[in-house]
Amino acid sequence: MNKTKLLLGTSLAVLLAANAAEAGTLYFANLDQANENSPSGSLSTGTGFIILNDAETLATITASHNITLPLTGGHIHRGVATVNGPVIFPFPSAASPVGPLTWAPTRTDVRDLKNSGLYMNFHTSANPGGEIRDTLVRSLLAPAANDS
């Protein structure tokens, strides 16, 4: 099994285990070096998920990555894809897998999440400005097929 499939499988398992009974809206980030401002050149990749509850008062955060360098942080930042922004939710540990973590976002955080104005980022000693990152975007899933 290749590393990408294993990483995605691990991310989905963590996500599903954490949220089996929760309803909400799923946001996804496909973390890599190309999304950094400026690109880091790293070969590491990862995935990040946020499930915002229907009341938009709580979110569950999970992530996984294959970073092997010493981590210096992982968090959610406010900002669009081409702009570095402030940290709004630091992860207690950036080691993979991250979470599930519970977050009580502000109204501003929710507005920015809905408008692709938040990104997930992991930092290392080799790339203190950011190793891998991506904007969190709403995931649209196909409706289940009707079966009589």
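The stops cover salt bridges, a helix and its packing, and aromatic side chains. Keep in mind throughout that this is a predicted model.

**Stop 1: Arg 78 and its partners**

Select Arg 78 and Asp 109. These two residues form a salt bridge, with the closest N and O atoms 2.6 Å apart.

Asp 112 counts as buried because its relative accessible area is 10%, under the 20% cut-off.

The side chain of Arg 111 forms a salt bridge with that of Asp 112, at 2.9 Å from N to O. Arg 111 is partly exposed, with a relative accessible area of 48%.

With the four residues shown together, what links Arg 78, Asp 109, Arg 111 and Asp 112? They are joined in a network of salt bridges. A search of the whole structure finds four salt bridges.

**Stop 2: helix α2**

Which are they? Asp 109, Val 110, Asp 112 and Leu 113 are buried. Turn the view until you look down the axis of α2: the buried residues fall within an arc of 165°, so they line one face of the helix. As a general point, an α-helix has 3.6 residues a turn, so residues three or four places apart point the same way.

Next, show the strands around these residues. What do the buried residues of α2 pack against? Their partners are β1 (25-32), β2 (45-52), β4, β5 (87-90), β6 (98-103) and β7 (118-124).

**Stop 3: aromatic rings**

How many aromatic pairs are there? The count comes to four. Begin with Phe 28 and Phe 49: their ring centres are 5.2 Å apart and their planes lie at 50°, so the pair is tilted. Phe 28 is in strand β1 and Phe 49 in strand β2, and the pair links parts of the chain 21 residues apart. Phe 28 is partly exposed, at 24% relative accessible area, whereas Phe 49 is buried, at 3%.

Go on to Phe 89 and Phe 91. This aromatic pair is edge-to-face, with 6.2 Å from centre to centre and 65° between the planes. Phe 89 is buried, with a relative accessible area of 13%, and Phe 91 is buried as well, at 8%.

Together with Phe 89 and Phe 91, they form one aromatic cluster.

**Stop 4: a charge over a ring**

Finally, select Arg 133 and Tyr 119. What sits over the ring of Tyr 119? The charged end of Arg 133 does, 3.6 Å from the ring centre.

Key
Residues are numbered from 1 along each chain as its sequence is written. This is a predicted model: local features need pLDDT of at least 70, side-chain atom pairs count only at pLDDT 80 or more; totals for chains, interfaces and linings use all residues. Side-chain values use heavy atoms; hydrogens and water are left out. Buried means under 20% relative accessible area, exposed over 50%, partly exposed in between (1.4 Å probe, protein chains only). Helices (H or I, at least four residues) and strands (E, at least two) are DSSP runs, numbered from the N terminus. The arc is that of the directions from the helix axis to the C-beta atoms. Contact means heavy atoms within 4.5 Å. Rings of Phe, Tyr and Trp (its six-membered ring) pair if their centres lie within 6.5 Å; planes under 30 degrees apart count as stacked, over 60 as edge-to-face and the rest as tilted. A charge sits over a ring if NZ of Lys or CZ of Arg is within 6 Å of the ring centre and within 35 degrees of the ring normal.
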